[in-house]
Structures are given as structure tokens and as C-alpha cells.
Amino acid sequence: DTINNLSRMKTLKSTVSSITLRALSAAIVADIGAFHFGYGISYSSPVATELLQKGILTKDEFPVFASIISLGAAIGALVCIPFVQPLGRKAIIQLNSIIGALGWLLIATGTNATHLIVGRILSGASIGVYAVVIPMYIGE
């Protein structure tokens, strides 16, 4: 009987550790999405002067650059919905990481308004996907 109790305690401890590790990984994924969102939304303000002084963006293009991320987020949220169930939340999050990385790569290496605006749209789309999928992923 003591041996059975010890065995049950080890199984329970293993189960709790597994649940804790899973909850921790879900929280980390959610934090990455939240960081991506916050950084993406606030990015345009600190770089405004530099982009305008270097002539990468004009005064007419900058408001588009600053706000287009919201359009990207709406597009990303709407487009991902039909794929969440068939592909699964985890796969969507992994694919979305590629979209977000491509967006930030375009922003980091962009030499003209088109590069920067397309990068912001991709970054925004990634934010929209995170907004839809991460709450589902955490809830699982």
C-alpha cells in the first residue's frame, strides 16, 4: 500500500510539472505576442525624426507609416480565423512568427516608404493573428 501511494505521488508530481511547464510555455507565447503588439504600436514615434531627416519618408507618408499597422492587424485577425481550427493554434502561432519576422525585417532594412509600409502591414497582420489565436491557445 505504501509503494502504491508513493507511485501515485510520483505520477501526480509528474502531472503537475507537465501542467506547470505547459502553462509557463503558454504564458511565454502570450508575452511574446504582447511585446510584439506594444513595440509595433509604439515604434513609429521614436523613429519619426530620423526617418524624416534621412528622407526615407516624407511628411505625407509618415502618417500612413504610423497608422497602417492597424489596417494590417484587422486583416490578419480576419484572415486567420478560418485557418485556426484546421491547422491548430500552435501551428498558426508558429507561422505567424514568420510573418512578424518578415515585417520587422522589411522595417529594419527598408530604404524607402514602400518597404516600410509593407513591413508595417505585415507586422500589423501578425499582431492581429496574435490577438485572435493567443487567447484560444492559453485557454486550451
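This is a predicted model: local features need pLDDT of at least 70, side-chain atom pairs count only at pLDDT 80 or more; totals for chains, interfaces and linings use all residues.
Trainee: What ground rules apply here?
Mentor: Local features need pLDDT of at least 70, side-chain atom pairs count only at pLDDT 80 or more, and totals for chains, interfaces and linings use all residues. Numbering starts from 1 along each chain as its sequence is written, and side-chain values use heavy atoms, with hydrogens and water left out.

Trainee: Which residues make the nonpolar surface patch?
Mentor: L71, I75, V79, F83, L87, L95, I98, L102 and L105, covering about 840 Å². Patch members have over 30% relative accessible area and no salt bridge, with nonpolar side chains joined within 5 Å. Areas are Shrake-Rupley, 1.4 Å probe.

Trainee: Which elements give two or more residues to it?
Mentor: α3 (62–87) and α4 (89–109). Helices here are DSSP runs (H or I, at least four residues). α3 gives the largest share, five residues.

Trainee: And L102, where does that lie?
Mentor: In helix α4. L102 is partly exposed, at 46% relative accessible area; the class lies between buried (under 20%) and exposed (over 50%).

Trainee: New topic. At what angle do α4 and α5 pack?
Mentor: About 160 degrees, axes 8 Å apart; α5 spans residues 113–139. So α4 is roughly antiparallel to α5, a label for angles over 145 degrees.

Trainee: How many salt bridges does a search of the whole structure find?
Mentor: One. The cut-off is a Lys or Arg side-chain nitrogen within 4 Å of an Asp or Glu carboxyl oxygen.

Trainee: Which side chains meet in it?
Mentor: E50 and K54, at 3.0 Å, N to O. E50 is partly exposed at 43%, while K54 counts as exposed at 57%.

Terms used
Patches are made of residues with over 30% relative accessible area and no salt bridge: like charges are joined within 9 Å, nonpolar side chains (Val, Leu, Ile, Met, Phe, Trp, Tyr) within 5 Å. Buried means under 20% relative accessible area, exposed over 50%, partly exposed in between (1.4 Å probe, protein chains only). Axes are lines fitted to C-alpha atoms, for helices over the stretch in contact, and angles run from 0 to 180 degrees between N-to-C directions. Angles under 35 degrees count as roughly parallel, over 145 as roughly antiparallel, 65 to 115 as roughly perpendicular and the rest as oblique.
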